[in-house]
Amino acid sequence: MTVAPADVARIAALARIKVDESEIAALVPELNGILAWVDQLGEVDVTGVAPMTAVIANQLRLRADVVGADPLTGGGIRDAVLANAPAAEHGFFGVPKVIE
Amino acid sequence: MTELTDLGLVALRDGVAHGDFTATEVAGAFNAAVAEANGALNAFIVTTPDHALAAAARVDAARAAGEPLGKLAGVPIGMKDLFATKGVQTTAASKILGGFVPPYESSVSQKLWDAGAGLLGKLNLDQFAMGSSNETSAFGNVISPWRATGDAALRAPGGSSGGSSAAVAARIVAAATGTDTGGSIRQPAAFTGITGIKPTYGRCSRWGVVAFASSLDQAGAMARDVTDCAVMLEAMAGFDPKDATSLDLPVPDWRAALSDDLRGRTVGIPREYRLDGLNGDVAASWDQGIAWLKDAGARVVDISLPHTRYALPAYYIIAPAEASSNLARYDGVRYGLRDLPPGANLQDMYAATRAAGFGPEVKRRIMIGTYVLSAGFYDAYYTQAQKVRALIARDFTQAFQDVDVILTPTAPSSAFVLGEKSADPLEMYLNDVFSVPASLAGLPAMSVPAGLDRAGLPLGLHLIGRPFDEQTVLDAGLAIERRAAFVARPAKWW
């Protein structure tokens, strides 16, 4: 399968990455080169093969249903959570206005 | 007296325990070596001499008080800057995490500090561990301490753990952590003449490690020899309830059981790895490795891993798909970079932040991953790749019915010159042709130095084991190490 400039623009929008026309022009052949190469997977006969879901069989665990069992995620650490935020205001993450 | 920085992990730990020197002297020697070399090698993104000295002081005090010392007491190490370190900037070598100071410690690094190790600094890497030459870092290339004979061209230390490999090879750290998603411990180890092991998927906790491709990412040890790797891996491994895929298994005493006596063991040589046009020196090194393992008593047989050629394309669907999901968290809201153009709304801010913060290779992989997971393409690409991955794992399962360990070259060439392969992403991807299959199957694998090629650059041999059987991988690695007697080291030019 190949991608055209409009496809690359759509992928970039889905991935939330701003790209300009010149970047799209450069990405089209790069992505098509990679996609042409991975297309060889289509020649593998996978009849009856289940897609892999785990490399090492493992049992999923449940943690104890206790509030604050892990002090890192148990709450009450607002300032630590906000410490790395580019814009923390009044105890919240600050973002541009989203309500018109 | 031998320079302290010439000593490896076990020698340093034992020397401190015996009182031959203090941990503070060791930390001081390595801090000085880092300060002297880092301008030339760019192996560290940040250095933390005070952390190394503080850890050393704790070890010296414990010894003076007669307390038992940990496995890594007094050993100064470097941490790949993919592990969150409390209070020390952690960037994944990306601008998007510029200035991020974790308020918590990764499980693996915590275990290393608990064992008595000290932090010399955070090691450079390919951005988000995406690369094979350390040329995608936002903090500049790492320069390999190795040069070809009579050629001063700057060479790649391998990637993505290129700061780790360069620092161990230059003897400015006693050992380093790495992470391996498709070969990021083993290929740089091979390029720099050091030893590196990726354990079975799930042995080392991923908690607090910046995620690239969660079904493949696995931390491991990079050090100067097999024994040092075994001890360091023992300190790093172990069950962690905070990682859903952590293996709830005891950590074996790999070092105590180490043996290069391979009588009764069978080594498999996969014919599909003998690629058309395989580099002559690499092929010769592989043949030499076969002879060494026979000398150690092993039986060597040819095996077939029929789906080998599909491993790389499957990897370059699965890893970008997982990356596109994992890296969705970098949005300019909670941590790291924010780019807020005038008048931008929230969606514009996300897109501008991610455009400014991610490097070209990271964007390329996010976009490939987004595409293969998008409606209409998911089954053709992602589901098909996961089916092929199941077949690759089945090839290994079948081979391991007859053999105990598999021997291959680690990488298709020795270290290339920086810039030589960065123009063509596909050519760079081919560096991982021998390492990716074991990653897709979650198997333990290691690279051991085997010798120098005709240009005077190191080559590595690659051992792949059964799930959970790091011991046989380490044993075969030791057999090669003892016979290769690799003592070459880069001439100091920095």
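1. The contact between the chains draws on 57 residues of chain B and 40 residues of chain A, where two residues count as being in contact if their C-beta atoms, placed from the backbone, lie within 7 Å. On the side of chain B that touches chain A, helix 13 of chain B gives the largest share, with 10 residues; helices here are DSSP runs of H or I with at least four residues, strands are runs of E with at least two, and both are numbered from the N terminus. By class, that side of chain B has 36 nonpolar, 14 polar and seven charged residues, with Ala, Val, Leu, Ile, Met, Phe, Trp, Tyr, Cys and Pro counted as nonpolar, Asp, Glu, Lys and Arg as charged, and the others, Gly among them, as polar.

2. This is a predicted model, in which local features need pLDDT of at least 70 and side-chain atom pairs count only at pLDDT 80 or more, while totals for chains, interfaces and linings use all residues. Residues are numbered from 1 along each chain as its sequence is written, and chains are lettered from A and ligands numbered from 1 in the order in which they are written.

3. Chain A contains three helices and two strands, arranged along the sequence as α-α-α-β-β. Its C-alpha trace spans about 55 × 45 × 25 Å along the principal axes.

4. Helix 5 of chain B (residues 162-169) is largely enclosed by the rest of the structure, because eight of its eight residues are buried, meaning that 20 or more other C-beta atoms, placed from the backbone, lie within 10 Å of a residue's own. After this helix comes B:Arg171, whose phi is positive, near 60°.

How values were computed. Buried ≥ 20, exposed ≤ 12 C-beta atoms within 10 Å, placed from the backbone.
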